[in-house]
Amino acid sequence: MNRSKRSARNLVRQVLCATLLYAVAAAVHAAPGAVVLPALTDPASGERHVGKVIWADLVTPDLDTAKHFYGALFGWTFRDVPGDPNYTLVLLDGEPLAGLFKKPLPSGPAAQPAWLTFLAVTDVNAAQAAAQQHGGKVLVKAHDYPQRGRQAVLADPDGAVFAVLAAKGGDPSDYLAAPGEWIWSSLLVKDPQRETAFYKTLFGYDVYDLASEGDPQHYVLSTDGFARAGLNALPADSMRRHPHWLNFVRVTDAVDTAKKAIGLGGRVLVAPRLDRHGGQLAVLADPSGAIFGVMEWSDTDTKQEPK
Amino acid sequence: MKRVSGSCKLGSLALLALVALAACVVGGYDGDVGVGYVGGFYEPGGYEYGGWGGGYRVGPPRGGERAVGGRGAPSIPHGARGGGGGGHGGGGHGR
């Protein structure tokens with residue numbers, strides 16, 4: 001009898017222990033919701049611009065080096081967010097424009113820090129489902145952040161990684177980016193036909209074909225009557241590069257910025273060159289290897305295409 | 001008997017702990033763990049960059065440039081912050 005009482009007590013203890021462990025696990029699992037990220041627009045814009053690039057996150061193993069590099073290069077400042085010491089907001093003139101996310105480099109196959117491009121949607125779940133249905137993948141399932149909204153990380157059929165975000169207070173308005181802000185994004189892929197179809201399905205883009213001699217597969221993805229992003233076939237030696245999104249920060253002098261980047265421990269991957277819009281652009285890498293672009297944009301730039 | 005009971009208890013707890021921890025792990029591009037902010041990823045490494053020939057262009061059109069089919073390609077928003085996008089065909093991300 002005593003033995004059966006002891007067994008019953010042990011069973012109760014074990015059930016209580018299990019309940020406690022599950023409670024702890026659930027709390028940890030639910031931790032993403034506890035991270036307080038500010039809304040993209042304050043006050044809420046209430047605007048919706050599906051397909052617009054509205055945010056970017058850098059994932060890097062070294063936050064301090066990233067802060068030093070981007071702070072010195074673009075005048076960005078940084079602010080910690082409650083709930084996660086590994087996530088830092090990037091601000092320009094007090095306005096948030098990006099995030100830095102510290103994450104250890106995974107062991108095993110080579111991995112490269114990168115900027116993650118966020119595209120506006122109104123329904124993250126629908127975007128996830130559509131991506132999967134049309135050859136894409138869900139890399140990080142949808143998560144809610146109380147003030148920011150709902151987001152998920154996806155890969156397109158070519159393997160380029162991007163995120164979708166349904167911003168809670170609405171999307172940022174359309175205006176010309178100031179120096180130091182994101183101004184343009186390009187998607188470089190192996191199969192432009194399949195990729196334009198995929199993105200058109202997800203975001204309802206109006207696609208413009210800008211093919212020309214020497215630049216045979218170049219598309220512009222547009223919504224609301226504005227160019228939202230470019231889509232290019234990877235260069236001829238495309239086997240050297242994984243399909244990817246490339247985000248450009250507006251600068252007043254691409255040559256000067258490239259020199260400065262080198263001095264700060266970065267690298268120049270594509271030297272400053274005149275592009276379609278009449279200004280110079282360059283592709284750089286930060287000290288961790290994350291790739292980004294810089295682009296001049298001036299109302300006084302020539303509108304003639306470069307030869 | 002007492003020793004066996006203690007071992008069983010320890011074994012049960014270890015198993016439960018393992019199950020509980022396994023429940024925390026969420027799938028990701030390179031194994032994200034659901035603690036704090038979720039969404040970071042690392043791209044595959046080992047690729048070189050470059051190979052952009054002279055005619056390779058990735059920048060946005062300035063507006064009015066003719067796309068295939070004769071349509072005028074739009075540009076980025078060009079309006080000032082707080083003043084609207086500046087009308088269709090203008091410029092930018094705004095962010």
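Which residue in β9(A) is the bridge partner of R150(A)? The views below take up this and other points in a predicted model.

**View 1. β8(A) and β9(A) form a hairpin.**
The bridge partner of R150(A) in β9(A) is A166(A). Strand β9 of chain A covers residues 161-167. β8(A) and β9(A) run antiparallel and are joined by 7 bridges. Between the two strands lie 5 residues. In this turn, G159(A) has a positive phi of about 100°.

**View 2. β7(A) and β8(A) pair in the antiparallel sense.**
Strand β7 spans residues 137-145 of chain A. Its pairing with β8(A) runs over 6 bridges. K137(A) faces A155(A) of β8(A) across this pairing, standing opposite that residue. A hairpin of 3 residues leads from β7(A) to β8(A). Strand β8 itself, residues 149-155 of chain A, is mostly covered. Of its 7 residues, 5 are buried.

**View 3. Domain 1 of chain A is in contact with domain 2 of chain A.**
Domain 1 takes in 53-167 of chain A, and domain 2 takes in 182-296. Their C-alpha centres are 18 Å apart. The contact involves 31 residues of domain 1 and 33 residues of domain 2. On the domain 1 side, β1 (53-60), α2 (63-74), β6 (114-120) and α3 (124-133) of chain A each supply at least two residues. α2(A) gives the most to this side, with 6 residues. By class, the domain 1 side holds 20 nonpolar, 8 polar and 3 charged residues.

**View 4. An open sheet of chain A has 8 strands.**
The strand order is β11-β12-β13-β10-β14-β17-β16-β15, and the pairing is mixed. β11 (206-209) and β15 (267-274) of chain A stand at the edges. Each has a single partner strand, so one side of each has no neighbour in the sheet. From one strand to the next, the twist averages 25°.

**View 5. β16 and β17 of chain A run antiparallel.**
β16 covers residues 280-285, and β17 covers residues 291-296. The two strands are joined by 5 bridges. A282(A) stands opposite V294(A) in β17(A).

**View 6. Helix α5 of chain A packs on the sheet.**
The helix comprises residues 254-263. Which strands does α5 of chain A touch? They are β14 (244-251), β15, β16 and β17 of chain A. The direction of α5 makes about 10° with that of β16(A).

Methods: Residues are numbered from 1 along each chain as its sequence is written. Chains are lettered from A and ligands numbered from 1 in the order in which they are written. This is a predicted model: local features need pLDDT of at least 70, side-chain atom pairs count only at pLDDT 80 or more; totals for chains, interfaces and linings use all residues. Domain bounds come from an automatic or database domain assignment. Two residues are in contact if their C-beta atoms, placed from the backbone, lie within 7 Å. Helices (H or I, at least four residues) and strands (E, at least two) are DSSP runs, numbered from the N terminus. Ala, Val, Leu, Ile, Met, Phe, Trp, Tyr, Cys and Pro count as nonpolar, Asp, Glu, Lys and Arg as charged, and the others, Gly among them, as polar. Two strands pair if DSSP finds at least two bridges between them. Axes are lines fitted to C-alpha atoms, for helices over the stretch in contact, and angles run from 0 to 180 degrees between N-to-C directions. A residue is buried if 20 or more other C-beta atoms lie within 10 Å of its own, exposed if 12 or fewer, and partly exposed in between; C-beta atoms are placed from the backbone.
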